[in-house]
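Here is a predicted model to work through. The questions go from the single chain to the contact between chains.

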Amino acid sequence: MTEFTCPIPLSEYPRVLLAHGGGGRLSQHLIEKMLYPSFENRLLEPLHDGAILSLDGGRLAFTTDSYVVHPLFFPGGDIGHLSVFGTANDLAMCGARPLYISCGLILEEGLPMKDLWRVILSIREAAAEAGVQVITGDTKVVERGKGDGVFINTSGIGSVLPGLDVGPHRLRPGDEIVISGPIGLHGIAIMALREGIELETEISSDSAPVYPMVEALAAAGLDIHMLRDPTRGGVSSALNEMASRGGVGIRLDEEPLPIPADVEGVCEILGLDPLYVANEGNFLAIVAAGQGARTVETLRQHPLGARAALIGRVAAEHPGIVVMKTSIGGERVVDMMSGEQLPRIC
Amino acid sequence: MKYLDEYRDAPAAERLLRRIGAVVTRPWVIMEVCGSQTHTLLRYGIDQMLPEKITLVHGPGCPVCVTPVEAIDQAVALAGRPDVIFVSYGDMLRVPGSEKDLLSVKAEGGDVRMVYSPLDAVKLARQNPQRKVVFFAIGFETTAPANAMAVWLARRQGLDNFFVLTSQVLVPPAVELIAASPDNQVQGFLAPGHVCTVTGYCEYEPIARQWRVPIVVTGFEPLDLLQGILMLVSQLEEGRHEVENQYTRSVRREGNRQAQAIMAEVFEVMDHKWRGIGLIPRSGLRLREAYARFDAARVFGLQDMTCQEAAVCISGLVLQGVRKPPECPAFGTDCTPERPLGAPMVSAEGACAAYYAYRRQETVRR
C-alpha cells in the first residue's frame, strides 16, 4: 500500500510548473509518482489513451481529456473541434469506434457570446464529422481573470472493434512503425500564430478525426499491435512512452519522416525539434513484422493518409530507448521531452 | 527544404568524411567553440562517424552556461518584485540560480515573460508605462547588437520604465585563455560562425599566430562542420596555423560594421566573471555611462550580490574542454535536465544536455 504522503519531494517542485502538463518527462513523473499509485487498479494499469472494459460481453473504450488551448481560434480549427476530435481520437487509439461524448464547459465571465456560439457550432460540426453524439454536459462560469475564455472537458465512450487487441503489451521486436500523416502541423500553427510569425503560406492545424483510417487498417486484416496519437510532447514522447511501457527498443529513421517544409522552417527559426511538436490529426500504428508497407498503402488511400510513411521498427536491443538513424547516416538517441517546448497547445 | 537540405545531404557528408579520412595521419584534438556546433555534431552523430584519430572537445560557447550564478540570482530577485515585468530569452528560464530558477518565480506569481527579440521587451515597456520592464540581456557578440539596439531605442523613445540586466560576454578572450593555458590539449579551433558574422575574424588572427593554433570559422549545419573539420585537420597535418573561413555564406573578415557600431555605442569592454571558469580579463560588456540609467543592477541596487556554486558540478572543466560531460560524477544521476546542478545541463546549447539527450544509450551502458 502506498503511503499517503506526497510522493514528489517538495524540495524538487514545491509548485506545479507548466511543464507538468507539457506531455514530457515531468508530466510522466506526475502520472507515475502521484496519480497512478493513488488510483491503482487493473483497468488504469496499461496507462493507455483510454481504458478498455468489458460490459455485458461487449468491449468498451472510455477516455477523458481537457482542452485549454490559447488562442481559442486558429488556422485549421478551434477549441471546439479539438475537444471533439481529440477525445474521439483517443478512443480510436484504443481500437474503438467513437460513439458518445460528454461536454463540460468552463467559461470565463465576460466571454463574448458570439465566441461561445462559434465554439458550440464547432462542437456540433465536429461531432457530426467524427460520428459521435454529445449526450451529456455541464456548464460553469468562473470570475473574470480566473479562466482563459473557454476551457472544455470531454469524456468519450466507444466500442472496441472485434478482434482488435492494442497496447504496449503486444509490442514485439521486428514490429514496424508507421505514421499516418505529416508531423508538427498543429503545434506549429498555434506557435506561429502566438509568436506572430508570418509565412508565405499559412500553416493549418491538422486537427481531424482519425477513426476512419483505423477502421480501414482493421478491415484490411492487418495485425495492429499498438496505436498512439502523438499529441502533446509529439512523436518523440509517444515513442519513448511506448518503448518504456513495452520494455522494447525503438529504431527510427530520420529520412522518411513526413515533415512539411513550412514546419521545418518555423522549427529552424524558433529552435524547436519537429519530433517534439504536437499533432492532432495523425497517429502511429505499430503493426506486425512485414506489414508496414501494406499499412502505408492502406493509409494512403485515405485523404488524411496521403503522406503516411514507414518510419522505424521495434527492436530487442536498448529497451526503453529510442534511437534514430540521422539523415546523414549517424545515430542519436531521441529523448523524451524534458520541461516544455510549447506551452498549452491542446 | 531550400537552404537547409543542401547542408544536410547524405552523399556529400560521406564524401567529406572520406576526404577527412584520407587527410588525417596523426591524432588531433580539436575544439568546437560554440554550443550549437556541439549540438549539431551530437544530433547527427558526426562525432561517431569521424576517424578515431580525431578527438572533439566541446568549448565554452554556450551563453546560458557561462552566465554567472550572481546574474541569475539578480534576475530571480527582480522577477519576484510586484512592480516588475521580467523579460528573458526562453532558455534562461530554467537555469538554476543558487536557490531557484525563473520558472519557479513565475509559478509563485512573478510576471516572467519569454520573448524572441529584445525589441519585444521595449514594446512591453511602452505598453505598460506603470510597470518596470527588465530585460535579461545575456549572450555573446551574437545577441549584443540586438540587446544594444533595444537600449538605444528605449533612450530614443524616452522610456523611463525599461531596464536591462546585462551579462554579455566576448568569445576571443575565452579562446585565448584556453589556447594559452599551460595544460591546454586543444590543437585547433572551430570558431563560432554566427559570432564572427557580427565581429568578423581579425581578432582571431593574433591568437592563431601567437599560440600557433589553426582556427577555422565554421557554420552550424552538418556539412559546414564536416568541411570545417576537413580544413582544420588539413592545416594541422600541413603544420599551418592560419585563420580560415568555412562559413563564407555568412561571414566576412571585417564582420558586420553596423552591428559593431551599435554595440560600441551602447556597451564598453570590461573584465567579466564566467560561470564555472572565473574572471577573464576584458571578456565582457557593460553599459556605457551615458546609458547607466538603463542598468537594472545599478538602479535596483543589486551589484553586490554574491553566491556559491554547487561543489560537485564540474561545468567549468567541461566548458574549457578539459573534461567530457559523462565524466562528471553527478551526470545523469544527481544532475539531469529536470533537476540541473549546472547550466550546461539546461541550455539547448549546453554540452551536458547534448550528451544527455543524444548519447544516453552509452551513458546507460556506462
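Q: How many helices and strands does chain A have?
A: Both kinds of secondary structure occur in chain A. The count comes to 14 strands and eight helices.

Q: Which radius of gyration does chain A have, against that of a compact globule?
A: Chain A holds 346 residues, and a compact globule with that number would have a radius of gyration near 20 Å. The value for chain A agrees with this. Along the principal axes, the C-alpha atoms fill a box of roughly 55 × 55 × 50 Å. The radius of gyration of chain A is 20 Å.

Q: What percentage of the residues of chain A count as buried?
A: A residue is buried if 20 or more other C-beta atoms lie within 10 Å of its own. Applied to the 346 residues of chain A, this gives 48%.

Q: What share of the contacts in chain A with a separation of 6 or more comes from residues 24 or more positions apart?
A: Contact here requires C-beta atoms within 7 Å. Among contacts in chain A with a separation of 6 or more, residues 24 or more positions apart account for 84%.

Q: Which element gives the largest share of the side of domain 2 of chain A that touches domain 3 of chain A?
A: The domain assignment places domain 2 at 49–160 and domain 3 at 168–333 of chain A. Their C-alpha centres lie 23 Å apart, and 20 residues of domain 2 of chain A contact 21 residues of domain 3 of chain A. On the domain 2 side, α2 (79–92), β5 (96–108) and α3 (113–130) of chain A each supply at least two residues. The largest share, seven residues, comes from α2(A).

Q: Which element gives the most to the side of chain A that touches chain B?
A: The contact takes 26 residues from chain A and 29 residues from chain B. On the chain A side, α1 (25–39), α7 (261–270) and β14 (331–333) each supply at least two residues. By class, that side has eight nonpolar, nine polar and nine charged residues. With four residues, the element that gives the most is α7(A).

Q: Why is helix α16 of chain B largely enclosed by the rest of the structure?
A: Helix α16 of chain B spans residues 351–358. Its buried residues include Ala351(B), Cys352(B), Tyr355(B) and Tyr358(B).

Technical notes: Residues are numbered from 1 along each chain as its sequence is written. Chains are lettered from A and ligands numbered from 1 in the order in which they are written. This is a predicted model: local features need pLDDT of at least 70, side-chain atom pairs count only at pLDDT 80 or more; totals for chains, interfaces and linings use all residues. Two residues are in contact if their C-beta atoms, placed from the backbone, lie within 7 Å. Ala, Val, Leu, Ile, Met, Phe, Trp, Tyr, Cys and Pro count as nonpolar, Asp, Glu, Lys and Arg as charged, and the others, Gly among them, as polar. The radius of gyration is taken over C-alpha atoms; the globule rule is 2.2 Å times the number of residues to the power 0.38. A residue is buried if 20 or more other C-beta atoms lie within 10 Å of its own, exposed if 12 or fewer, and partly exposed in between; C-beta atoms are placed from the backbone. Domain bounds come from an automatic or database domain assignment.
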